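Let's take a walk through a protein model together. Have a look at the sequence and the fold first, and then we will go from part to part.

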Amino acid sequence: MSAQTDSQLVAAPASVELQAHDLVAITSDVWSCFLDEEVYPMPEDTADLNAESVLASVGIVGAWGGHVLLELPMAGAETAAKRMLGLEEVTALEIVDALGELTNMVGGNVKSLLPPTCHLGLPMVVKGTVAPVGGTDTIEICRAFLGWADTTVRVSVWAKTNRDRNG
């Protein structure tokens, strides 16, 4: 992870600027719409993310290239799936589907702040310890930590720094 604080702004390639408050607003809207619940900003040092987290990512390509990530502890991901699907119990596949859809909605809203020639990819969802998204050609440009249902939701945006924005 980047050493920046969530209140700092890093200019993304192609003159795109995103801030933590953008991610808070977008995630709040998505949670309200799909889960009928609110999220609230929380300090990074109170985050309860660990090796049992679920990480969902959706890529954006075109004039701007990067990824939008959504991360929750496994228990939070299960709660989100139950509430989103209106079920008492959920399978691993239902958790993947629900987190993929939530990430797709957050990513689509982030994409709306980018140049019009950008396109959203398909979401990917993994469980466990995950290496940073990119490599040396990807930087985190903003992140937000949110509280919800006694858990933490981390939303972050990573931008490609190289000229090939389509990969």
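Is Lys82 buried, partly exposed or exposed? With a relative accessibility of 23%, Lys82 counts as partly exposed, since buried means under 20% relative accessible area, exposed means over 50%, and partly exposed is in between (1.4 Å probe, protein chains only).

Before we go on, a word on how to read the model. It is a predicted one, in which local features need pLDDT of at least 70 and side-chain atom pairs count only at pLDDT 80 or more, while totals for chains, interfaces and linings use all residues. Residues are numbered from 1 along each chain as its sequence is written, and side-chain values use heavy atoms, with hydrogens and water left out.

Let's stay with Lys82 for a moment. Its side chain meets that of Glu78 in a salt bridge, at 3.4 Å from N to O. The term stands for a side-chain nitrogen of Lys or Arg within 4 Å of a carboxyl oxygen of Asp or Glu. Both residues lie in helix 2 (residues 74-85), four residues apart, which is about one turn of the helix. Helices (H or I, at least four residues) and strands (E, at least two) are DSSP runs, numbered from the N terminus. Glu78 is partly exposed too, because its relative accessibility is 26%.

Now move to the strands. Strand 5 (residues 66-73) has seven of its eight residues buried, so it is largely enclosed by the rest of the structure. What lies beside it? Strand 4 (residues 53-61) pairs with strand 5 in the antiparallel sense over eight bridges; two strands pair if DSSP finds at least two bridges between them. Along this pairing, Ser57 stands opposite Leu69, and Ser53 faces Pro73. The two strands form a hairpin with four residues between them, and Gly62 in the turn has a positive phi of about 125°. Strand 5 is also joined to strand 9 (residues 151-160) by six bridges, again antiparallel, and here His67 stands opposite Trp158.

Strand 4 is mostly covered as well, with eight of its nine residues buried. Two bridges join it to strand 6 (residues 119-120) in the antiparallel sense, where Ile60 stands opposite Leu120.

The side chain of Lys127 meets that of Glu52 at 3.7 Å, N to O. Glu52 lies in the loop between strand 3 (40-41) and strand 4, and Lys127 in strand 7 (residues 124-127), so the pair ties together parts that are 75 residues apart in sequence. Lys127 counts as exposed because its relative accessibility is 54%, while Glu52, at 45%, counts as partly exposed.

Arg143 and Glu140 meet in a salt bridge at 2.4 Å, N to O. Arg143 is buried, with a relative accessible area of 2%, and Glu140 is buried with 4%. Salt bridges that share partners join Glu44, Glu140 and Arg143 into one network.
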